[in-house]
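Me: I would like to go through this model with you, one region at a time. Could you take my questions as they come?

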Amino acid sequence: MSEENEVITGIDAPVALKYNFTAGAAAARFLTQVKKGVLTGQRCPKCSQVYVPPRGSCAACGVPTEEEVELSDKATVQSFTIVSIPIPNNPIQPPYVIANLVADGANISFIHLMSECVNEEVHIGQRVQAQWKPQEEWDYAMDNIRYFTPIDEPDVPVEKIGHVPVSGWEG
Amino acid sequence: MKDIAIVGYQQSDLVSDAGACNEVEMIIPVLGKLYEQVGITNAQDVDFVCSGSCDYLQGAAFAFVMGVDALGAVPPIKESHVEMDAAWALYESILKIRMGQAESALIYGFGKSSPGELPIVLSQQLDPYYLAPLWVDTVSLAAMQARMMLDQGLITEQDMAEVVARSRQNARRNPHAQLAGDVSADDVLAQETFVSPLRKADMCPVSDGASAVVIATVEKAREWGIPYAVISGIDHCIETHNLGMRDLTDSSSTRTAAKNAGMHNGAVDVAELYAPFSHQEIILTRALGLDSNTSINPSGGVLAGNPMMAAGLSRIGEVFNRIVSGEASRGIAHATSGPCLQHNLVTVLEKA
Amino acid sequence: MANLAAVVGIGQTKYTTKRGDVSIAGLVREAAVNALADAELTWNDIDAVILGKAPDMFEGVVMPEIYLTDALGCNGKPMLRVHTAGSVGGSTAIVAASHVQSGTFRRVLTVAFEKQSESNAMWALSSPQPFSTHLNAGAGGYFAPIIREYMRRSGAPYDVGIKVAVKDRLHGARNPLAHLQKPDITMKEVEESFMLWDPIRFLESCPSSDGACAMVIANEELAGQSPKKPAWIRGAAMRSEPTMYAGREEVSPQAGRDCAADVYQQAGITDPRRDLDVAEIYVPFSWYEPMWLENLGFAPEGEGWKLTMEGATSLDENGDIPWNPSGGVLSSNPIGASGMIRFAEAARQVRGDAEQHQVEGAKLAMGHAYGGGAQFFAMWVVGAEKS
Amino acid sequence: MSQPEILNQAFELAYTYTRSTGPVIGRFLTELKKRNIVGIKASDGRVIVPPMEYDPDTAQELSEFVEVGQEGEIVSFAWVKEPREAHPSDKPFAWALIRLDGADVPMVHCVAAGSEEQVSTGARVKAVWAEETIGFITDIRCFELV
């Protein structure tokens, strides 16, 4: 075998570690609601801002958040990117739009996929709504929302993004 | 150089599984109690914040970034992080105060080890070519260290069991302890060996938990008008990673750190030693030259609960508690990192 | 008050996609040995080692300082490991400096590294976590929407990022250590490169590199005896803020503004564009040059891009405030080391030691690093003179 | 506040790292592939197996390789009654510090034995090679008692 005299210069070192992940209390509450098809945020007792997904604390104030607030599944595009490369371990085929979305009633954006849209026409301030998977597929996951799609509502002016009430945006 | 003092210490209960409590949810209550103890509102009221954590405990990169969410860091704060036990975060904070860039600092450490298989996770801390691919776990390495001591007649299994029994008994007075009870050395010796010569009782448990400390210049501590313990010295020292080249029955780096920290400038009433295995407490006690005049691990030590990345900082906090309560007037705290006590830090605390 | 401290030795490796000829220790060692040689010192002259790198998952070695101590001559000495995400190279230098500025140590070695070829940064940064949507398309996917928002509010022309990409690669071509060597790069080439995360093109992004950077930092007395010119640390600052909170200014984070104000105050800088001669600023995606020009006060809000387009930051266009003459992060990016390279390159400039990318007569320079979701900042100002 | 259920999910953090070895580790692994074991001479002349790149005491770069024996003695050991999933054996075995003949510094590896009683400090062991050697530390499958 010609490899007999080969000099070793590298090795493949598999590192596989198993973990049992436990969602935090705030995340568990949020996911329990998402399983029912409802988006729930948490309001900071100090600054009144509504976080979604909630993390059990207000990062700005450093205090625990407890008050739960039901949110709309309509949202506004705060910003976005059109991605042309695949994500490792994710079946989504490029190009796809990843948007920073602020749900009505919340004050902070989360990241989700946009689809059923013309990528080139996605813009800041655009109104979108969640497209849910069939109810029987709902689980403890934000993936219950397949993606968001544009809806026929007037754009939200930039300075109002992040301040749309849960009742929605009338323009 | 300005004298620096510990002015507050809090820790979470040490539990085998914090369950539905993420890292931030584990830290926030500890910080809340600490703010109350020190009389401050939040991290905005100190000049510097430093934390210690390890991504691999929970298997996600940037664990410490979540920690910042617990601080109320708006407006932005002066903050840093070590991927080490938070005792080293305290060390970094002391340098910051000594150089005049801060008069006070908040230090916290947290670890949720329950999601993974800790001894195996820590096997990946070893040489990545010769040891990590063998998956030799840290418990087994410590067991080899214990056997060397037994073989050389430096300790007996009875000595080890007595360390465990004292830890369990001391821990009965520690409301945060995970393992406490009226356990005798005979009870321990009645156990079967697990990774021989170690019994399960010789090993610290796997714990979830967090702890936090506030330090300040002595002037600041007086201004705040709260009890404090002066940090009269602190130093740390690392040894070779090659276990075969170390005298595993001794801890020369602990001795060096203690000497440099000025441990020998006075009597030591109390010592909190980060000894994850019973025989390591004996190694440390001897390396430090401690005798029966020193109360060792009155909290129960980490054999009673070992929150990774926080346990070293907690040792400092436990000594602080004993000094401000008047139980002790001078004590030392020890922290460790790496397999078989490779890297060691010693802090000397004194009554104001 | 802080004691004076200075950089008296700098060592770097060549930056490249894969350093297949060395172990992790070998890579780190090379930078350290080069720094000692530059300072004309030996291992015995070092009192402590301060090590920095980004997440351990990049190399899959948990707390690697434990294993690297033998390569860094640290046995019997203190070893500290810093990790503050992408800003870590800068933070590590600042923590190392504090060892000396506190009067605790006389002379320390600091090293930062990343051997990214051991894994895949995209994987390490995007490994899926249970219960979360797995849409994390790497750092570019995170920063692209923020860049888009900057473009919207500044009204900057579309080719500002292209210009930065060309400028930093031309700078990099002057630096033999730079990973990307593209002396013939053109605006057209960048514009036609693959759009990865719209609006970020392939050539507007940093490469993935192996590399290490090291510095020896000494106190005033020892720096005074140093055979080569020291770079005096005139100011150093760090700031952090949470990744996400309601109303967070992501385009021009307050932590960056506050950190800059702090370090300028320490160094006596009132107008950074005028007072500084050169800056090495962490720009991993080209649009971050105009964004940081504003965030750091080199230009009024909304006008950073004008400096870029005027050539003010270009060495080749004789700009008045060259940014990243070494080629910057856009030319070399061993993540954990990238911040320290910025700090070290700033020091090289004021030591007059930057060879082909030297800014003529540089006396005062800034090094900058950021990390996480542009939430961790580390900056220092170094000078040819003590004050 | 609603009471959450506790949500658990197992996940694996798995990646095969591609490590370059550099000349010293590479030489050791190249020799392993050929079923030889080499050490390296430290600054003070001690032979270290597996070879270290840098001397732990002097920090000098090391380069003088020495072939060592494939037998040696146990310096210390830990008996693993319940092997972990990641461990190299699913039957009880020992981890040991083994000083090979011709070496001064013991190395860590595993020892196959039927029971704890058969293993002792000072016992002689010899390397057992994997069926196929590839230039990896597990080319030595284990050591066994002589």
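This is a predicted model: local features need pLDDT of at least 70, side-chain atom pairs count only at pLDDT 80 or more; totals for chains, interfaces and linings use all residues.

Me: Let us start with chains A and C. How many residues are in contact there?
Reply: On chain C, 31 residues are in contact with 35 residues of chain A.

Me: Which elements of chain C supply at least two residues to that side?
Reply: They are helix H4 (121-126), helix H5 (138-154) and strand S5 (195-198) of chain C. The largest share comes from H5(C), with seven residues.

Me: And what is the make-up of that side of chain C by class?
Reply: The side of chain C that touches chain A has 18 nonpolar, nine polar and four charged residues.

Me: How does S5(C) run relative to strand S7 of chain A, parallel or antiparallel?
Reply: S5(C) and strand S7 (residues 74-83) of chain A run antiparallel, and two bridges join them. At one bridge, Val83(A) has Trp197(C) as its partner in S5(C).

Me: Changing topic: how is chain B divided into domains?
Reply: Domain 1 of chain B covers 4-117 + 206-229, and domain 2 covers 138-204 + 232-351. Their centres, taken over C-alpha atoms, are separated by 23 Å.

Me: How many residues are in contact between the two domains?
Reply: In domain 1 of chain B, 33 residues are in contact with 27 residues of domain 2 of chain B. On the domain 1 side, two or more residues each come from strand S1 (4-11), helix H4 (86-98), strand S4 (104-112) and strand S7 (208-217) of chain B.

Me: Which element gives the most to the domain 1 side?
Reply: H4(B) does, with six residues. By class, the side of domain 1 of chain B that touches domain 2 has 19 nonpolar, 11 polar and three charged residues.

Me: Back to chain C. At what angle do helices H3 and H14 pack?
Reply: Helix H3 (residues 88-101) and helix H14 (residues 335-351) of chain C pack at an angle of about 60°, with their axes 5 Å apart. H3(C) and H14(C) are therefore oblique to each other.

Me: Which residues of H3(C) meet H14(C)?
Reply: Val88(C), Gly89(C), Gly90(C), Thr92(C) and Ala93(C) do. The residues they meet in H14(C) include Gly336(C), Met340(C) and Phe343(C). By class, this contact has six nonpolar, six polar and one charged residues.

Me: Now chain D. Is Cys110(D) buried or exposed, and why?
Reply: Cys110(D) counts as buried because it has 28 C-beta neighbours inside 10 Å, and the cut-off for a buried residue is 20 or more. Cys110(D) is found in strand S7 (residues 107-112) of chain D.

Me: Leaving aside neighbours within four places in sequence, what is Cys110(D) in contact with?
Reply: With that exclusion, the contacts of Cys110(D) are Pro88(D), Ser89(D), Phe93(D), Ala94(D), Trp95(D) and Cys142(D). Leu145(D) is 35 residues away from Cys110(D) in sequence, and the two are 11 Å apart, C-alpha to C-alpha.

Me: Last topic: what is the strand order in the open sheet of three strands in chain D?
Reply: The order is S3-S2-S4, with antiparallel pairing. Strand S3 (47-48) and strand S4 (65-68) of chain D are the edge strands, each pairing on one side only.

Me: How many bridges pair S2 and S4 of chain D?
Reply: Strand S2 (residues 37-41) of chain D pairs with S4(D) over four bridges. Val38(D) stands opposite Glu67(D) in S4(D).

Me: And which helix packs on that sheet?
Reply: Helix H1 (residues 22-33) of chain D packs on the sheet and touches S2 and S4 of chain D. The direction of this helix makes about 155° with that of S2(D).

Methods: Residues are numbered from 1 along each chain as its sequence is written. Chains are lettered from A and ligands numbered from 1 in the order in which they are written. Two residues are in contact if their C-beta atoms, placed from the backbone, lie within 7 Å. Ala, Val, Leu, Ile, Met, Phe, Trp, Tyr, Cys and Pro count as nonpolar, Asp, Glu, Lys and Arg as charged, and the others, Gly among them, as polar. Two strands pair if DSSP finds at least two bridges between them. A residue is buried if 20 or more other C-beta atoms lie within 10 Å of its own, exposed if 12 or fewer, and partly exposed in between; C-beta atoms are placed from the backbone. Domain bounds come from an automatic or database domain assignment. Axes are lines fitted to C-alpha atoms, for helices over the stretch in contact, and angles run from 0 to 180 degrees between N-to-C directions. Angles under 35 degrees count as roughly parallel, over 145 as roughly antiparallel, 65 to 115 as roughly perpendicular and the rest as oblique.
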